[in-house]
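This report describes a protein chain in terms of its strands, its surface and its aromatic rings. Please look over the sequence and the model before reading on.

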Amino acid sequence: MKKLFVMAAMVLSSVGAFAQYSAGDVTIQPKVGLNVSSLTEDDADYKAGFVGGIELEYHVTPTVGISGGLLYSMQGAKVKDMDDAKIKMDYLNIPILANIYVAPGFAVKAGIQPAFNLSNKVSMKGVTVDYDKYAPEGAEVKSFDFAIPVGLSYEYMNVCLDARYNIGVSKIADGDAGKNSVFQITLGYKFKL
């Protein structure tokens with residue numbers, strides 16, 4: 001009987017550890033993480049980069065939330081067949097997502113992500129230059145980018161692990177068919193407002 005009470009207490013305490021939201025709740029989440037990015041349609045490999053920022057979420061119902069964020073995102077690619085050549089593009093991403101909570105702490109998410117290009121650099125053999133300064137006319141990186149983020153997140157005791165794939169929709173430049181392709185893993189902490 002004593003074991004039964006101990007097991008019941010453990011189950012009840014673990015249920016309380018999951019995030020529980022009501023309609024109208026608002027949370028804010030600072031987050032940092034890792035991008036693994038490349039460019040589609042180009043002769044490119046994946047490269048790692050930093051991502052960090054903040055997201056705000058409004059809970060429409062206990063199982064549905066709408067979130068919006070501002071994320072600084074280091075993207076780009078490694079160029080195949082060129083030793084140490086990397087394309088480095090920094091963006092301010094604005095993800096707007098629907099979050100569907102399918103189990104306690106577990107959410108499936110999808111939405112849209114407009115983004116603004118902050119800088120473009122090409123690095124090779126330790127030398128880094130501003131890409132747009134030397135790019136041929138018409139090949140400059142566009143200042144606006146658009147993606148469709150899809151992903152999953154798991155939250156435990158307000159700590160949130162989020163994994164997304166940002167599917168690039170817009171071309172990075174007029175003369176280039178390449179689009180951003182970004183896998184993103186972040187760790188954040190949710191505060192209820």
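Two strands are said to pair if DSSP finds at least two bridges between them. Helices (H or I, at least four residues) and strands (E, at least two) are themselves DSSP runs, numbered from the N terminus. The model is a predicted one, in which local features need pLDDT of at least 70 and side-chain atom pairs count only at pLDDT 80 or more, while totals for chains, interfaces and linings use all residues. Residues are numbered from 1 along each chain as its sequence is written, and side-chain values use heavy atoms, with hydrogens and water left out.

**Overall architecture**

The protein contains two helices and 12 strands. Along the sequence these elements follow the pattern α-β-β-β-β-β-β-β-β-α-β-β-β-β. Of the 193 residues, 36% are buried; buried means under 20% relative accessible area, exposed means over 50%, and partly exposed lies in between (1.4 Å probe, protein chains only). A contact requires heavy atoms within 4.5 Å. Among contacts between residues at least 6 apart in sequence, 61% join residues at least 24 apart.

**The partners of strand β1**

Strand β1 covers residues 26-39 and pairs with β3 in the antiparallel sense.

| Partner of β1 | Bridges and direction | A bridged pair |
|---|---|---|
| β3 | 12 bridges, antiparallel | N35 and G49 |
| β11 | nine bridges, antiparallel | K31 and G188 |

**A nonpolar patch on the surface**

The accessible surface of the protein comes to about 10500 Å², and 68% of this belongs to carbon and sulfur atoms. Such areas come from the Shrake-Rupley method with a 1.4 Å probe, and for residues only the protein chains shown count as cover. On this surface V32, F50, I54, L70, Y72, M74, L92, F116, L118 and F144 form a nonpolar patch, with about 830 Å² of accessible area together. Patches are made of residues with over 30% relative accessible area and no salt bridge; like charges are joined within 9 Å, and nonpolar side chains (Val, Leu, Ile, Met, Phe, Trp, Tyr) within 5 Å. A salt bridge is a side-chain nitrogen of Lys or Arg within 4 Å of a carboxyl oxygen of Asp or Glu.

The elements giving two or more residues to the patch are β3, β4 (64-79) and β7 (106-124). Strand β4 gives the most, with three residues. I54 is located in strand β3, and I54 counts as partly exposed because its relative accessibility is 35%.

**Aromatic pairs**

A search of the whole structure finds six aromatic pairs. Rings of Phe, Tyr and Trp (its six-membered ring) pair if their centres lie within 6.5 Å; planes under 30 degrees apart count as stacked, over 60 as edge-to-face and the rest as tilted. One of the pairs is formed by Y46 and F183, which are tilted, with 5.9 Å from centre to centre and 50° between the planes. This pair links distant parts of the chain, 137 residues apart: Y46 lies in the loop between β2 (44-45) and β3 (47-61), and F183 in strand β11 (residues 176-189). Y46 is partly exposed because its relative accessibility is 40%, and F183 is partly exposed with a relative accessible area of 40%. Ring pairs link Y46, Y165 and F183 into a cluster.

**Helix α2**

D132 lies in helix α2 (residues 131-134) and is partly exposed, at 28% relative accessibility. Leaving aside neighbours within four places in sequence, D132 is in contact with N120, E140 and V141.
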